[in-house]
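Subject: A structure for you to explore

Hi there,

Here is the structure I promised to pass on to you. Have a look around it first, and then read on.

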Amino acid sequence: MSEPVNAQGRLAAHVESILNGAAFRKRDRDDLAEELYGHLWQRWQDALAAGLDEDAAADQAIRSFGQPARLSRDVTLAYHSRVYASTIGVLVPTVVNAKAKPRAYFVVWLVHMAALFAVTGLLIRAVTEWTPVRAGIGIAGGLLAYLAVIAAFAAYGARQRWALGFARLELPLLFWWGALLAWSGMPAEQLEASAVGIVGAFLVMAVAQSPLRADEYPGRPAPVRLALSFVPRDWRLRSLSAWMYDRPIPRRLLVGLSGMLIVGSALPLVALNVADPTQIGPADMRVQLSVTCTQSASGDVRTVDITASFLFHRTDMWPNGLARPGGGATDHIALAVEGARPNGISMIAPQLTQAATGRDTTDGSPLTFGSTGQDGRSVMALPDSASFKAGHQYEVVWRYAVAPGLRDITPITFGYDHLERFYLQAKASCGETSTAQPVSQLYVVGP
Amino acid sequence: MSEERESGPQLSRGEFGLLILALLGRREMYGYEIVAELRRASEGAIDLPEGTVYPALRRLERDGLVGGHWVDVGSGAPRRRYYKLTLDGERALAGGRVDWLRFKAAADAVLGG
């Protein structure tokens, strides 16, 4: 800000410094400014009449009026609650006088925009994809970070200089958010949803008379002002210079805001690594494999009947996220049936002779799943995991025929993959029944 | 920045508002006049930073207790915003007076006044 050139300029600057630090209705700004200036002016006139020179009279008027910080707070309190005045009212005072024509850095606008985009993406990802407890943690973190970014963005719109410094904190966190989003595999449609979310945030701020709309383009219809608020200021003013107000922010408030951003950014990582008690684990399932063989008179294995059964003691709560409680990823079963090499060279493999069938043995309803290969290893998708019921036992049966010459079969392996979260595997030979145990490797079946 | 000037009794926001209502109960006044009258009527005992009267006036106006209007005084001087009591303001002043007298009587009794 340039130095005032005369006593009256100093009076006006004093009024500006009070109003720049206060949060109040924008439409009251001109009235307040005129009223406060009028008081200082009359006090100045009285001091001049008492014989003081212009500067001394201005000093006296300013001194009598009170400290700007206290008066800013009093003005804010005249419009808002005490809690608001000590938090939001400090971070995002009412926009400065439009006549000052302040500008701000386009780069900072971009950083805030990107931060808003990233955190919106995280929120959408958590809501749509994550299981309840993880979503709760992720949403809590996302909201913390979201509020911090919104506050910084709004402060930027009000040309508060602290928003420039805050962008430096957002920048490294942007990389972190990007990595997190990539790691959690955000699909393209959610990127679009993020953009929609940001537009929504702007609309909310516009409805709330956000300082972002500032006093730009007074007299224009609200939709036009809203549309123009999306345009970075530098594009309109074609200037790269910055002119922002130094607004002292209490250290504790700034630390708190930074903490919201950092903790809020870390919580999604915590969410991804925390065990969600609403989701089942290996102990909540029982998977069994039974193998029955028939032999010819010569002792060769002729048929192999395989029965795999599984039962859920309990089921997941919204395994595919809050936004898709009924659909999404499916469980898979895997079967490996391999022959032996009796002569060490050729392999005699059992052949599937009857299409595999599945059913719910509790209520008799059929269980559909993907087709099984004729021999060897197969991985089959089961119906939507959300369709399984706790306490019901499901069964899948295969029948294989074996060419003459095979005296025995290698153990058959059956695996059950639950939403790629855990994998249970059982092995059994002719005449055996075994219970599946959890293994750490996914989709690795067979001997 | 100069040191803030504040002397005399510390007023709560409610008490300050009541004093302003009392002054406006006599006649319409503008901010500078209210400050001067407050100082004169209290014989200098109440001498707050002058700017504090404006947030108080805004609060009273927001609560519907006073109404403001601009008056052009000419001769190059800035306009003045005059305030007057509304009907609600008159009721609030009457109620505030009763409460204050009751409080004063109780305080006098305790302090032996």
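Below is what I found in it, going from the whole chains to a few of their parts.

Please keep in mind that this is a predicted model.

**The two chains**

Let's start with chain A, which has 13 helices and ten strands. Of its 447 residues, 38% are buried. If you take the contacts in chain A between residues at least 6 apart in sequence, 76% of them join residues at least 24 apart.

Chain B has 113 residues, and buried ones make up 31% of them. Its secondary structure comes to four helices and three strands, and along the sequence these follow the pattern α-β-α-α-β-β-α. Among the contacts in chain B with a separation of 6 or more, 54% are between residues 24 or more positions apart.

**Where the chains touch**

**Two helices of chain A**

The buried residues of H2(A) include A:Leu32, A:Leu36, A:Trp41, A:Trp44 and A:Ala47. Charged side chains have a place in that list too, with A:Glu35 and A:Arg43 among the buried residues of H2(A). What covers these buried residues? Part of the cover comes from chain A, including helix H1 (7-20) and helix H3 (54-65). Chain B takes part as well, with helix H2 (31-41), helix H3 (53-62) and strand E3 (80-85) of chain B. Just after H2(A), look for A:Gly51, which takes a positive phi of about 110°.

Next is helix H4 of chain A, at residues 68-79. Its twelve residues should span 16 Å at 1.5 Å a residue, and its end C-alpha atoms are 17 Å apart, which agrees. Why can we call H4(A) largely enclosed by the rest of the structure? Because nine of its twelve residues are buried. Among them are A:Pro68, A:Leu71, A:Arg73, A:Asp74 and A:Leu77. The buried residues of H4(A) pack against H1, helix H5 (82-86) and helix H6 (88-91) of chain A, together with H3 of chain B.

**A sheet in chain A**

Chain A also has an open sheet of five strands, in the order E4-E6-E2-E1-E9 and with antiparallel pairing. Strand E4 (351-360) and strand E9 (433-435) of chain A stand at the edges with a single partner strand each, so one side of each has no neighbour in the sheet. From one strand to the next, the twist averages 15°.

Inside this sheet, strand E1 (residues 285-295) and strand E2 (residues 301-312) of chain A pair in the antiparallel sense over eleven bridges. Which residue in E2(A) is the bridge partner of A:Gln295? The partner is A:Val301.

Enjoy looking around!

Best wishes

Terms used:
Residues numbered from 1 in each chain as written. Chains lettered and ligands numbered in written order. Predicted model: local features only at pLDDT ≥ 70, side-chain atom pairs only at ≥ 80, totals over all residues. Buried ≥ 20, exposed ≤ 12 C-beta atoms within 10 Å, placed from the backbone. Contact = placed C-beta atoms within 7 Å. Pairing = 2+ DSSP bridges. Axes fitted to C-alpha atoms, helices over the stretch in contact; angles between N-to-C directions. Expected span 1.5 Å × (residues − 1).
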